[in-house]
Amino acid sequence: MHALTEQQVRRSFLNCSQGEAKGLALPTGFADLDWAALELLGWRDPRAPLRGYVVVEADDRPVGIAVRAAESRMSARTTVMCLLCRTTRSGDAVSLFTARRTGAAGRNGNTVGTYMCADLGCAERVRTEIPPWLQDRDPAEVVTGRAAELRERVRGFVDAVRR
Ligand SMILES: [Zn+2]
């Protein structure tokens, strides 16, 4: 992603009120982010435990989606795949998140849901959690491929929210 200012991040949100966008807590270390290594900027709101935020570039513009984690957590004894970065993790490290859709659909309570890493740290995970069946390939190529797929899936999620 291109580097964004705090104001650009706050203005990017499609599916929450201006008040919420103004008041949300930015990710820790925002000033020092390595934007080039992010397909999405995702974080949980430390002040509002069920809230999370995902900001991506779509059509050369930053697009932010506010998401809400399900209150019930999955068991650490199960394994669940994050549908964005496709990393298989213990159930307590993955959450079902819902996003209110934009426009009339959202006003009618319509949401889009998907399973994502609970910390929304998928951009880091495509670089660090290489599945066993890809470990004998060229690591740089594997990361490039996984990052490109992550970007596509996040955009698909954004499109479902604003469709
Ligand atoms: Zn993930």
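Student: Let us begin with Leu 120: buried or exposed?
Tutor: Leu 120 counts as buried, since its relative accessibility is 3%. Buried means under 20% relative accessible area, exposed means over 50%, and partly exposed lies in between, computed with a 1.4 Å probe on protein chains only. The model is predicted, so local features need pLDDT of at least 70 and side-chain atom pairs count only at pLDDT 80 or more, while totals for chains, interfaces and linings use all residues. Residues are numbered from 1 along each chain as its sequence is written, and side-chain values use heavy atoms, with hydrogens and water left out.

Student: Where is Leu 120, and what is its phi?
Tutor: Leu 120 lies in the loop between E7 and H4, and its phi is positive, about 60°, although it is not a glycine. Helices (H or I, at least four residues) and strands (E, at least two) are DSSP runs, numbered from the N terminus. Most residues other than glycine have a negative phi.

Student: What about Asp 59, buried or exposed?
Tutor: Asp 59 is exposed, with a relative accessible area of 64%. Asp 59 sits in the loop between E2 and E3 and has a positive phi of about 55°, though it is not a glycine.

Student: Changing topic: which residues hold the zinc ion?
Tutor: The SG atoms of Cys 82, Cys 85, Cys 117 and Cys 122 coordinate the zinc ion at 2.3 Å. Donors are N, O and S atoms within 2.8 Å of the metal (3.2 Å for Na, K and Ca); water is not among the atoms, so sites may look incomplete.

Student: How are these donors spaced in sequence?
Tutor: The spacing is C-x2-C-x31-C-x4-C.

Student: Now helix H5: how many residues does it have?
Tutor: Helix H5 (residues 139–162) has 24 residues and reaches 35 Å from its first C-alpha to its last, close to the 34 Å expected at 1.5 Å a residue. The expected span is 1.5 Å times one less than the number of residues. The buried residues of H5 include Val 142, Arg 146 and Leu 150.

Student: What covers them?
Tutor: The cover of the buried residues of H5 includes strand E2 (51–58), strand E3 (61–69), strand E6 (94–100), E7 and helix H4 (122–128).

Student: What does Leu 134 touch?
Tutor: Not counting residues up to four places away in sequence, Leu 134 touches Val 142 and Arg 146. Contact means heavy atoms within 4.5 Å. Leu 134 lies in the loop between H4 and H5 and is buried, with a relative accessible area of 15%.
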